[in-house]
Amino acid sequence: GFLDDLLPDHRLFYSMVQTGSTESCAETDAIRSKFDQLYSDLNGVVATIGPGCSDEVAAVTAAEWRAGADISTVVLSPGSTAPILANVGAYPNLLRLSSNDKHVTSALAALAELLRWQAICVL
């Protein structure tokens with residue numbers, strides 16, 4: 001395949017679970033239960049891709065919960081943007097693949113100022 005030489009002599013295992021819905025994020029206990037399920041299914045998973053929702057990411061990367069659950073899995077989040085998640089002490093082993101909302105809003109404000117826009121709309 002395309003990336004066969006990337007990890008020679010390794011086997012990748014995966015498991016998928018649905019969290020939340022397309023309209024809302026899962027509750028803290030629900031997402032933590034799903035995360036525990038993944039950890040168990042994969043016998044000590046090394047990394048997790050997702051969840052995308054910032055509230056869900058906070059739930060499964062919170063240092064206090066991780067210590068109690070004895071989980072050190074790296075979480076790669078494609079869509080969490082909440083500025084609070086930048087606190088690596090409170091949310092260890094989190095790799096966000098999206099820009100922090102604080103940086104995005106600062107960049108938009110700088111762009112509006114540079115281009116002398118009086119108003120902008122962000123959807």
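Which residue in E3 does Leu-76 stand opposite?

1. Leu-76 stands opposite Leu-95 in E3. The model is predicted, with local features needing pLDDT of at least 70 and side-chain atom pairs pLDDT 80 or more, while totals for chains, interfaces and linings use all residues. Residues are numbered from 1 along each chain as its sequence is written, and side-chain values use heavy atoms, without hydrogens and water.

2. Strand E2 covers residues 74-77 and strand E3 residues 94-96; strands (E, at least two residues) and helices (H or I, at least four) are DSSP runs numbered from the N terminus. E2 and E3 run parallel, joined by three bridges. E1 and E2 are also parallel, again with three bridges; pairing requires at least two DSSP bridges between two strands. Ala-47 has Val-74 as its bridge partner in E2.

3. Side chains in a regular strand alternate between the two faces of the sheet. In E2, Val-75 and Ser-77 form the covered face, whereas Val-74 and Leu-76 form the uncovered one.

4. The largest pocket has a volume of about 710 Å³. A pocket is an open set of points on a 1 Å grid over the protein atoms alone, where a 1.4 Å probe fits, with protein on both sides within 12 Å along at least five of seven lines; lining residues have an atom within 4 Å of a point. The volume is the space filled by probe spheres set on the points, which are joined across faces, edges and corners.

5. Lining this pocket are 23 residues, with Phe-13, Leu-42, Val-45, Ala-47 and Thr-48 nearest its centre. Helix H1 (28-41) and strand E1 (47-49) each give two or more residues to the lining; H1 has the largest share, four residues.

Notes. Buried means under 20% relative accessible area, exposed over 50%, partly exposed in between (1.4 Å probe, protein chains only).
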